[in-house]
Structure formats: C-alpha cells, structure tokens
Amino acid sequence: MVTIPELWLPILLSAVAVFVASSVIHMFLGYHFNDYGKLPDENAFADAIRKLNIPAGSYMFPKPSSAADMKTAEYQEKAKKGPGVILTTWPGANPNMGSNLAMWFVFCLVVGVFAAYVAGRALPAGADYLAVFRFAGVTAFVAHTLGGWGESIWYKRPWSVTAKNTFDGLVYALLTAGVFGWLWPR
C-alpha cells in the first residue's frame, strides 16, 4: 500500500499537466467554440431578462412546484406550449476567470487525490508502470467524464458536447495515468 502523502508529487504534477492541457484545448484547438448556441436576438433577450432582475442561480421553465403540480392542467399546458428552458445566470458580463481557473486547478488536484487513493490502495511501491497507469487512469477518467453524461440524459445538453468533454476527459486521464506511472514510488 502507498499512502496519499507519498504521492504528493504525482498528484501535483498531474494537476498541472491537466490544467495546461485543458488550457490548450479550450484556448487554441477551438473545438469547444460552438458548445453553446447563439440566441437569434441577443439584445431583445438581454433586455427582456434584465427587466426581470433574476438573481444569479439556476432555473428551469416550466418548473412545477411539486410532483402533484406536474399533473395539473395549467402545468401540462405550459409544458405542451414550450419552450423548455434551463438557464444559469450570473451578475455582470463575464464570470471571474481567475476564480474559475483556481477552482478548476483545485478540482484537478482532487481528481489526483482520488487517483492516488485508488492506486495506492491497490498497488504496492515498486508496482509496474502499466498497473499504476491503469488504476490511476481509470479513476481520473471516471472523475473527469461520467458525471457530465447526466447533463445530456436529464438536461438536454447536446450529446456532441458530452462526446467532446469525454474526449477531453480521456486526454486528462492519460496525462494523469502517465504522471502517476512515471513518479510511482519504487
């Protein structure tokens, strides 16, 4: 068994590798550029939504107040008329990228901790590179990808976006696995 403190270096370096790779993917490769569609009349939408003074948060329309409410004629008519909307709002024009990037790096560290825990419990010091690669890699892949699949299943995120995010997660998992295999205690 290898403890998490013994794996601090692969945890840290895998987080750095994933952070850099995700920056390259999102800033230079461009295949995520169309993950969100553009509204037909952004100005009219922005004017209308501003008037509502909606606090930052996540919203759904139509939104029943209970399971019983879903059976009412009023709710059924709203749902039938459409459109269905899931909306996330935040104050100001742009989210704070510094804060988001810091939270993303912390998330990458947490994924590394879980990869260290699983691989460290399954394998001894001196384990074969490929064995470490498998345990750390599958843990990182699950952490980076599977939670996002529910967004397509339940919240209508396009499956094309989920497929791209899954590919990204595979890249992140391979990087994490490679770093862990390379720096595994001998």
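In the predicted model, helix α1 passes helix α4 in a right-handed crossing. The axes of α1 and α4, the latter spanning residues 97-122, come within 8 Å and cross at roughly 135°. Because angles over 145 degrees count as roughly antiparallel and those from 65 to 115 as roughly perpendicular, α1 and α4 are classed as oblique to each other. On the α1 side, the contact is made by I11, L12, S14, A15, V16, V18, F19 and S22. The residues contributed by α4 are L101, W104, F105, C108, L109, G112, V113 and A116. By class, the contact of α1 with α4 comprises 13 nonpolar and three polar residues, with no charged residue.

Helix α1, which covers residues 8-29, also packs against helix α6, formed by residues 159-183. Here the angle is about 150° and the axes lie 9 Å apart. This angle makes α1 roughly antiparallel to α6, so the pair falls in that class, for which the cut-off is over 145 degrees. The crossing of α1 and α6 is right-handed. From α1, the contact draws on L9, P10, I11, L13, S14, A17, V18, A21, S22, I25 and H26. The α6 side supplies D168, Y172, L175, T176, V179, F180, W182 and L183. Sorted by class, the residues joining α1 to α6 are 14 nonpolar, four polar and one charged. Among the α1 residues listed for this contact are I11, S14, V18 and S22; I11, S14, V18 and S22 are also listed for the contact with α4.

These helices belong to a chain whose secondary structure comes to six helices and two strands. In sequence order, the elements follow the pattern α-α-β-α-β-α-α-α. The radius of gyration is 21 Å, well over the 16 Å that the globule rule gives for 186 residues, so the chain is more spread out than a compact globule. Along the principal axes, the C-alpha atoms fill a box of roughly 65 × 40 × 25 Å.

Of the 186 residues, 27% count as buried. Among the contacts in the chain with a separation of 6 or more, 78% are accounted for by residues 24 or more positions apart. The packing of α1 (residues 8-29) against α6 (residues 159-183) and the crossing of α1 with α4 (residues 97-122) both bring together segments of the chain listed under separate residue ranges.

Notes:
Residues numbered from 1 in each chain as written. Predicted model: local features only at pLDDT ≥ 70, side-chain atom pairs only at ≥ 80, totals over all residues. Heavy atoms only, no water. Axes fitted to C-alpha atoms, helices over the stretch in contact; angles between N-to-C directions. Helix = DSSP H or I, 4+ residues; strand = E, 2+ residues; numbered from the N terminus. Parallel < 35°, antiparallel > 145°, perpendicular 65-115°, else oblique. Left-handed = near helix turned anticlockwise from the far one by under 90°. Contact = heavy atoms within 4.5 Å. Nonpolar A, V, L, I, M, F, W, Y, C, P; charged D, E, K, R; others polar. Rg over C-alpha atoms; globule rule 2.2 N^0.38 Å. Buried < 20%, exposed > 50% of the residue type's maximum accessible area, 1.4 Å probe, protein only.
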